[in-house]
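Colleague: Before I use any of the terms attached to this model, I want to know what each one rests on. Let us take them one at a time.

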Amino acid sequence: MTAAFMDLVDVTIVNIAIPSIQRTAHASVSQIQWITAGYALAFAAGLITGGRLGDIHGRKRLFLVGVGGFTLASALCGFAVNPEMLVASRILQGGMAALMVPQVLSIVHATFPAHERGKVFGLFGAIVGLGAVSGPLLGALLTEWNLFGLEWRPIFLINLPVGVVSFLLGRRFITESRAPKALKLDLVGVALVTLGLLMLLYPLTRGRELGWPLWGYVCMAGALVVFAGLVVYERRKAARDGSPLIELSLFRVKSFAAGIAVQTVFGVALGIFFLVWTLYMQIGLGWSPLRAGLTGVPFSLAVSTAAGLSVQQLVPRFGRKVLQAGALLMGAGVLLYLWEARHYGLAIASWQMAPPLVVMGAGMGLIVAPLTDAVLSEVPREHAGSASGLINTVQQMGNALGLGLVSVVFFGEIGDRLTLDRVGPAFVHAFQHALWWVAGIMAAIFLLMSALPKRPAQHLEGAEDVEGGAGQEAPVAGEPEPVS
């Protein structure tokens, strides 16, 4: 739980410090995108493989390797001497998180009998909520305090004592476990996924600064060829030894295919919104990190409250309608925010942002908590682990893609050479433009949700066949990554 908390806080803590990093480290637009997108990309690319490595070599061992590596990468981030080193360290940090995070729920499944897991998942849900609320606030305070003149660096260095404690506790108390029938690694599949995403994301993040050169369009078109090659390879891999990175047969299940589309597109929306929102408040409106962090508290509280209500009370009664209501609520909150940003301009106050943020947060809470179970409802139990690993992977991929699209939907609306008096209006206008994109994405998500089952079944938490099914792919379902 300590490691899960550290990962969640790290994901949510960085955005609030991005303007400070840009200012003091002289990072370019593409570099600040890669500080967040690099983490999400490395995390996504390694997530399923990290779960399999734990099944093969021992979950405790991989957990400790991941925690140790994550702590080391955090130190490298904190002591980075230039933006390039920070981006590289963030990519390493994402890769280590991919080793650490999948083991968390796998260890829970392997350690606790089914009748006790409800308590553990309740605690896990509390940790998720606490991480979502405390991350932005902690990031704001650490940046605002400027401890020892270190500016933004303490947001990474704070992981060092937490990581050391987590490592020592894990070494002392976690029992080693393996899957008796662990699937083999598919490193070629990982390489193809990573290559395809890089060919898509790099031109998106660099294209605007370079004037959208021809090679960028060729590279993005080539990414589609790579993904087509991935599908062909995965089919052959499944036929040869039954251990592909992506279980393509799952996509024959209509609700799963639709759910994967929802997770991916939802990740894109979150990737766009949270980075743009931070830049709008701190650079456009000129607010301090602390004021920006406090402004986000109603959103985090609304997410946590709605998530608890949706799983415990609403979904059992209303099923899929809860998810669709969440998409509509979140879209309505975005449109309300859009109206306020246009109406109040630079004079907008934190309290005026609270209503749209609460509506958006409530909508997001209704989606993130029950979505995984809805997607898994019609998946055969023996593939539950593969499916849950894939769900989390595509959400991170969508997140990285959304962060890459910020160049197009936000920075594309801002001129290259702004005078000081034009910065605020330009950022407010760009924020409104980005919100239209987010609203459109939420409408698409609402339509895709109609293919989900009307009454989602909860697959993982009560699963008995931990080792044979849900445990194999390290089911990290139920751990939303709200901000990256």
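Colleague: What makes the side chains of Lys237 and Asp241 a salt bridge?

Modeller: Their N to O distance is 3.0 Å. A salt bridge needs a side-chain nitrogen of Lys or Arg within 4 Å of a carboxyl oxygen of Asp or Glu, so the pair qualifies at 3.0 Å. This is a predicted model in which local features need pLDDT of at least 70 and side-chain atom pairs count only at pLDDT 80 or more, while totals for chains, interfaces and linings use all residues. Residues are numbered from 1 along each chain as its sequence is written, and side-chain values use heavy atoms, with hydrogens and water left out.

Colleague: Where do Lys237 and Asp241 sit relative to each other in helix H9?

Modeller: They are 4 residues apart in H9, which puts about one helical turn between them. Helices here are DSSP runs of H or I with at least four residues, strands are runs of E with at least two, and both are numbered from the N terminus.

Colleague: Why is Lys237 called buried and Asp241 partly exposed?

Modeller: Buried means under 20% relative accessible area, exposed means over 50%, and partly exposed lies in between (1.4 Å probe, protein chains only). Lys237 has 7% relative accessibility and therefore counts as buried. Asp241, at 29%, is therefore partly exposed.

Colleague: How many residues does H9 have, and what span is expected of it?

Modeller: H9 covers residues 214-241, which is 28 residues, and reaches 40 Å from its first C-alpha to its last. The expected span is 1.5 Å times one less than the number of residues. Besides Lys237, the buried residues of H9 include Gly216, Met220, Val226 and Leu230. Helix H8 (187-210) is part of what covers them. Just after H9, Gly242 has a positive phi of about 70°.

Colleague: How many salt bridges does the structure hold?

Modeller: There are 4. One of them joins Arg90 and Asp10, at 2.9 Å from N to O. Arg90 is in helix H4 (residues 83-111) and Asp10 in helix H1 (residues 2-24), so this pair ties together parts that are 80 residues apart in sequence. Arg90 and Asp10 are both buried. Another joins Arg59 and Asp55, whose closest N and O atoms are 2.9 Å apart. Arg59 is buried at a relative accessible area of 0%, and Asp55 is buried at 2%.

Colleague: Which residues is Asn159 in contact with, neighbours within four places aside?

Modeller: Contact means heavy atoms within 4.5 Å. On that basis Asn159 touches Met6, Asp10, Phe70, Thr71, Ser74 and Gln93. Asn159 and Asp10 are 149 residues apart along the chain, with 8.1 Å between their C-alpha atoms. Asn159 lies in helix H7 (residues 159-173) and is buried, with a relative accessible area of 4%.

Colleague: Which residues have the most contacts inside the largest nonpolar core?

Modeller: Phe256, Tyr280, Tyr337, Phe410 and Phe431, in a core of 110 residues. The largest share, 16 residues, comes from helix H10 (residues 254-284). A nonpolar core is a set of buried Ala, Val, Leu, Ile, Met, Phe, Trp, Tyr and Cys residues joined through side-chain atoms within 4.5 Å. A second, separate core has 28 residues, including Ala3, Ala97, Ala98 and Ile107.

Colleague: What makes the protein chain as compact as a globular protein of its length?

Modeller: The chain has 17 helices and 0 strands. Its radius of gyration is 21 Å, close to the 23 Å from the globule rule for 484 residues, so the description holds. The radius is taken over C-alpha atoms, and the rule is 2.2 Å times the number of residues to the power 0.38. Along its principal axes the C-alpha trace spans about 65 × 45 × 45 Å. Of the 484 residues, 59% count as buried. Among contacts between residues at least 6 apart in sequence, 85% join residues at least 24 apart.
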